[in-house]
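Subject: Structure for you to look at, with notes

Dear colleague,

Please find below the structure that I promised to hand over, followed by some notes on what was found in it. I would be grateful if you could read them with the model open beside you.

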Amino acid sequence: MGASDNDAPSPPAPVIQEETGDIFSFITPTEFVDLPSGGLLYPEGHPLHKVESVEIRHMTAKEEDILTSETLVRKGIALDRLVQSVMVDKTVSPADMLIGDKNAVLVATRITGFGPLYHTTITCPACNQQVDTALDLEELESKDLEELPENVSSTGNGTYVITLPDFNDLEVEVRLLTGRHEKNILKKRDKRRKLKLPDTNVTDQLTAIIARVNDITDPTVLAQFAERVPTRVSRAIRNTYDALVPDLDMTLAFECTNCAHVGKVDMPISADFFWPNT
């Protein structure tokens, strides 16, 4: 009727209705994962200091993308990215988590994504045959360390002093490894393999965990100690360290269908751990 376009009434704003039963209502399930360390071995100021459990999101297609990324797998960071993605508290970095706590999160994440049964192939320690088996991940439990061994004392700073009375009361202070230490060890191993050099797994571990020997703290000297230490001393240090580390007990019951051997088997965690064979 001759009115200008500016005078035309504005179209009504679209009505956005909130629906509680929409297709996205299922993407937010979370659960709490108990940490083997109980948060007691992190220093003050660390986001996991005295934190007994962490909240994680269930696996989604986003996490599957991480696990199938050839770049991330090749760089050896796929599992760290996975942990970082499922953690509700984003101030927690996988690099700063104790390895045992990170393992607990990885196992819980795998269960949320594919269920508790882990179909894999085990080499029987008795007959050396490859045996297909199904492991129940929900049977994994945290290692219990009710009290420290007599020859071990805590510094209160996340490290322990191991005294070896059979070796002139040698004092070895050890640190608990985090994801950052683990990553550095793997980098060294990959570098040696590319150069076709022999593996140095034992000395790599000793170098990573030893913070002090008697009054010596120089990293160069400690690395030399790791290379030259007698086997009996090395084994005493590593066995005591393994008993101290808060972690899941990564051994599961195994029965060989070929020779009927019954025992326990170690269960490593790798990117393949997240892809069931069935």
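Helices (H or I, at least four residues) and strands (E, at least two) are taken here as DSSP runs, numbered from the N terminus, and on that basis the protein chain has eight helices and ten strands. This is a predicted model, in which local features need pLDDT of at least 70 and side-chain atom pairs count only at pLDDT 80 or more, while totals for chains, interfaces and linings use all residues. Residues are numbered from 1 along each chain as its sequence is written, and side-chain values use heavy atoms, with hydrogens and water left out.

Confidence comes first. The pLDDT, which is the predictor's confidence in each residue on a scale from 0 to 100, has a mean of 85 over the protein chain, and 86% of the residues reach 70 or more. Over residues 1-5, however, the pLDDT is below 50, and this stretch has zero contacts (heavy atoms within 4.5 Å) beyond near neighbours in sequence. Residues 11-20 also stay under 50, and for them the model has one contact beyond four places in sequence. Where pLDDT is low, the predicted coordinates should not be read in detail.

As for the chain as a whole, 36% of its 278 residues are buried, where buried means under 20% relative accessible area, exposed means over 50%, and partly exposed lies in between (1.4 Å probe, protein chains only). Of the contacts between residues at least 6 apart in sequence, 58% join residues at least 24 apart.

Helix α3 (78-86) is mostly covered, with seven of its nine residues buried, among them Leu79, Leu82 and Val86. The cover over these buried residues includes β2 (53-57), α1 (61-67), α2 (70-75) and α4. In the loop between α3 and α4 (99-114) lies valine 92, which counts as buried because its relative accessibility is 2%. Leaving out residues up to four places away in sequence, valine 92 touches Pro47, Leu48, Met87 and Met97.

Beyond its neighbours within four places in sequence, threonine 112 is in contact with Glu31, His58 and Met59.

In helix α6 (residues 201-209), the residues Asp204, Leu206, Ala208 and Ile209 are buried, and what covers the buried residues of this helix includes β7 (170-175), α5 (179-194), β8 (210-213), α7 (219-228) and α8 (231-244). Valine 229, in the loop between α7 and α8, is buried as well, with a relative accessible area of 13%. Valine 229 touches Leu206 and Ser234, not counting residues up to four places away in sequence, and the C-alpha atoms of valine 229 and leucine 206 are separated by 9.8 Å.

With kind regards
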